[in-house]
Amino acid sequence: PISSPILHGLTQKEIAELERIAESREFEAGVDILREGETTDDLFVIQEGEVQVLKAEKPGEKQQDFSIATFSVGDIFGEIAFVDHLPRSSTVQT
């Protein structure tokens, strides 16, 4: 089941609908889930492990990315592009 504090205001029916349409994915360590500048609209809820949010000092130069946040179980990421459909503002890596 999907679990996150942000979902606590939803009804059981709404959560069941999210679970019905959600896709479970697993990523190995060190994998980019999202890349800065991409135009996807995926939204993620972390069910296990953690991710680093990285920002490029100079766009396109991965070696110069620096960590701006760490998210773990129950956290949601990717919500900004999900809502505004603009390119990703950062990279998210396992």
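The second largest pocket holds about 250 Å³ of space. A pocket here is an open set of points on a 1 Å grid over the protein atoms alone, where a 1.4 Å probe fits, with protein on both sides within 12 Å along at least five of seven lines; lining residues have an atom within 4 Å of a point. The volume is the space filled by probe spheres set on those points, which are joined across faces, edges and corners. Keep in mind that this is a predicted model: local features need pLDDT of at least 70, side-chain atom pairs count only at pLDDT 80 or more, and totals for chains, interfaces and linings use all residues. Residues are numbered from 1 along each chain as its sequence is written, and side-chain values use heavy atoms, with hydrogens and water left out.

Of the 18 residues lining this second pocket, Gly78, Glu79, Ile80, Ser89 and Ser90 sit nearest its centre. Helix α2 gives the most to this lining, with four residues (helices are DSSP runs of H or I, at least four residues, and strands are E runs of at least two, numbered from the N terminus).

On to the largest pocket, with a volume of about 1000 Å³. Its lining counts 27 residues, and Glu23, Arg25, Phe44, Val45 and Gln47 are the closest to its centre.

Now for Thr91, which is found in strand β6 (residues 91-93). Thr91 counts as buried because its relative accessibility is 0% (buried means under 20% relative accessible area, with a 1.4 Å probe and protein chains only). Apart from neighbours within four places in sequence, Thr91 has contacts (heavy atoms within 4.5 Å) that include Asp32, Gln52 and Asp65.

Note on methods
Buried < 20%, exposed > 50% of the residue type's maximum accessible area, 1.4 Å probe, protein only.
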